[in-house]
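Here is a short briefing on a model of a complex.

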Amino acid sequence: MRRLRRLAWEWLPAIVVFVLGIGIWEGAVQGLDVENFLLPAPTDIVRTLGTDGGELWDAAFFTFREAVGGFVIGCSLGFLAAVAIARWRTLQAAVMPYAIAAGAIPIIAFAPITNNWFGITGMTSKMVIAAVLCFFPVLVNTMRGLTSVHPSQIELMRSYAADELTVFRRVRLPNALPYVFSGLKVATVLAMIGAIVGDYFGGAPGALGVQIRRWVGIFAFDQAWAAIVLASVLGIAFYGSVALVERLTMGWHPSVRGARPE
Amino acid sequence: MSGSPVVSLRNVTKTFGAAGVTAVQSIDLDVRPGEFVSLIGPSGCGKSTLLRIVGDLVEPTSGEVVVNGKSARQARLDRDYGIVFQDAVLYDWRTVAKNIALPLELLKWDRAKRAARVAELIDLVELQGFAEHHPWQLSGGMQQRVSIARALSFSPALLLMDEPFGALDEMTRERLNGELLRIWEASGSTIVFVTHSISEAVFLSTRVVVMSRRPGRIAAIVDVDLPQPRNADTREEPRFFELVTAVRDRLREGGHDDDRTAPGEGELVGAEETP
């Protein structure tokens, strides 16, 4: 009971802001008679979610799968690259400039090219875009975590005659976990953005980005807005599930334990 | 106090880097089984470096190091010693019990045997009720007790301690000094102990090795003939004060005329991280 109340207090500010925001939006659209193509009222968007829910959901889920696929590929490669770089420091000089270049790619310019490479209607081209976006933050964060081990922690393991693999498994990896998760959380959001932006330059007819373009083209702004709402709901759910895994695997970490004010 | 030495250093010198900063020079020292030997000296005199040379965490530039009758490297590979640093160096993601059990896991003890040993050690360092706590939930003194329990877990014949109580307040330090002596008597191990504190060195040790300012050499060795077991009353005895004065005089002769922190010791020691 006390826990529930505490939880309610924690969420109260966000809920108040949400209700107020929606209220002002609705009031402004109704009161000022704003044209639908400029900004539809929240009630219109909700109504559209009701009527066209199936089609919208299919589109959103299609793009969500593109995002998750890209997330898995990009994060895995970012993680593995970080492990390799942390182990062989000379690799850092060889690889880092290109990793930074990958991180600096203007993704809008890159999207049409991946469409050419991997097929315009398939999921692969969108996954590649999402993967490129996810790679860099995971690489940088993981590398930081793996190398920011206090020297005496390594000395202690040496005094136990531990080999390098043991040091990695028992010290470097757990030490890196909080860093890895910050990278992963940033990557969830980037993956969604990458997938939708990828769709914009052509994709399967059922993809969310393609649909948003189509709806805007035929002045179906209620649908376009409903699609945006669904995309952000999925994005939040994606972020939330990674944050949940973080909590479950890092119950020991003060930042997780201390996250709730006593 | 007989038998072949646990630690034997012959003409050990350590020079760091291309600049050739000499940390310790021409050290000759034997530590016999069951002894409690303190290394004391000004900051930067290389006492921590010397301890790490014994533990094969730093390689000497020249000289011979024999631990338990074998090379320092072989002794490390055989896990012949336990080490305690100034920071407790506990792993945040492990509970107290699992931190203590870490060396036992590496030694591939089975779970039941590990649990029994950990329970024993938690009693020994008086941390009952904290087995499932995480390090950040403990005070500095408690963390250091965990660290000591971990070093003792596999019953090494030799314990190396690098200013283990240096970061603690005076009250906690004195209490842990008493506990350490109790543990030393109970375990019968040999201890090499680095400290800044003259009274701590005298209270704990059977011998105090006084080192001179860099390059660190052995300036004097003071035998501490205070009776065992020692307790709070020991600190009140006239003989205790005489010995403290004797060590202080030796330190002064060794060039310990100010307390400035010599630059570099921390860096030199810390530079050993394996890539």
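Predicted model: local features only at pLDDT ≥ 70, side-chain atom pairs only at ≥ 80, totals over all residues.

The predictor gives the complex an ipTM of 0.81 and a pTM of 0.78. Chain A has 11 helices and 0 strands. In chain A, 17 residues are in contact with 21 residues of chain B.

**Confidence in chain B**

- The mean pLDDT of chain B is 85. In chain B, 92% of residues reach 70 or more.
- Strand S8 (residues 190-195) of chain B has the highest mean pLDDT among that chain's elements, at 94.
- Helix H9 (residues 265-270) of chain B has the lowest, at 39.
- The pLDDT is below 50 over residues 256-275 of chain B. Beyond near neighbours in sequence, this stretch has 28 contacts in the model.

**Layout of chain A**

- Read along the sequence, the pattern of chain A is α-α-α-α-α-α-α-α-α-α-α.
- The C-alpha trace of chain A spans about 75 × 55 × 25 Å along its principal axes.

**Helix packing: H3 and H6 of chain A**

- Two packed helices are described by the angle between their axes and the distance between the axes.
- Helix H3 (residues 53-87) and helix H6 (residues 124-147) of chain A pack at an angle of about 35 degrees. Their axes are 6 Å apart.
- The crossing of H3(A) past H6(A) is right-handed.
- By class, the contact of H3(A) with H6(A) has 25 nonpolar residues, 6 polar and 2 charged.

**Helix packing: H9 and H10 of chain A**

- Helix H9 (residues 208-217) and helix H10 (residues 221-249) of chain A cross at roughly 155 degrees, and their axes come within 8 Å.
- Because of that angle, H9(A) is roughly antiparallel to H10(A).
- H9(A) passes H10(A) in a left-handed crossing.
- From H9(A), the contact uses Leu208(A), Gln211(A), Ile212(A), Trp215(A) and Val216(A). From H10(A) come Gln223(A), Ala224(A), Ala227(A) and Ala231(A).
- The residues of this contact between H9(A) and H10(A) divide into 7 nonpolar, 2 polar and no charged.

**The side of chain A that touches chain B**

- By class, the residues of the side of chain A that touches chain B are 10 nonpolar, 4 polar and 3 charged.

**Backbone features**

- Most residues other than glycine have a negative phi, and most peptide bonds are trans.
- Ala161(A) is not a glycine, yet has a positive phi of about 55 degrees. Ala161(A) lies in the loop between H7 and H8 of chain A.
- The peptide bond from Gln228(B) to Pro229(B) is cis, with omega near -10 degrees. Pro229(B) sits in the loop between strand S10 (218-223) and helix H8 (238-253) of chain B.

Note on methods: Residues numbered from 1 in each chain as written. Chains lettered and ligands numbered in written order. Axes fitted to C-alpha atoms, helices over the stretch in contact; angles between N-to-C directions. Helix = DSSP H or I, 4+ residues; strand = E, 2+ residues; numbered from the N terminus. Parallel < 35°, antiparallel > 145°, perpendicular 65-115°, else oblique. Left-handed = near helix turned anticlockwise from the far one by under 90°. Contact = placed C-beta atoms within 7 Å. Nonpolar A, V, L, I, M, F, W, Y, C, P; charged D, E, K, R; others polar. pLDDT = per-residue confidence, 0-100.
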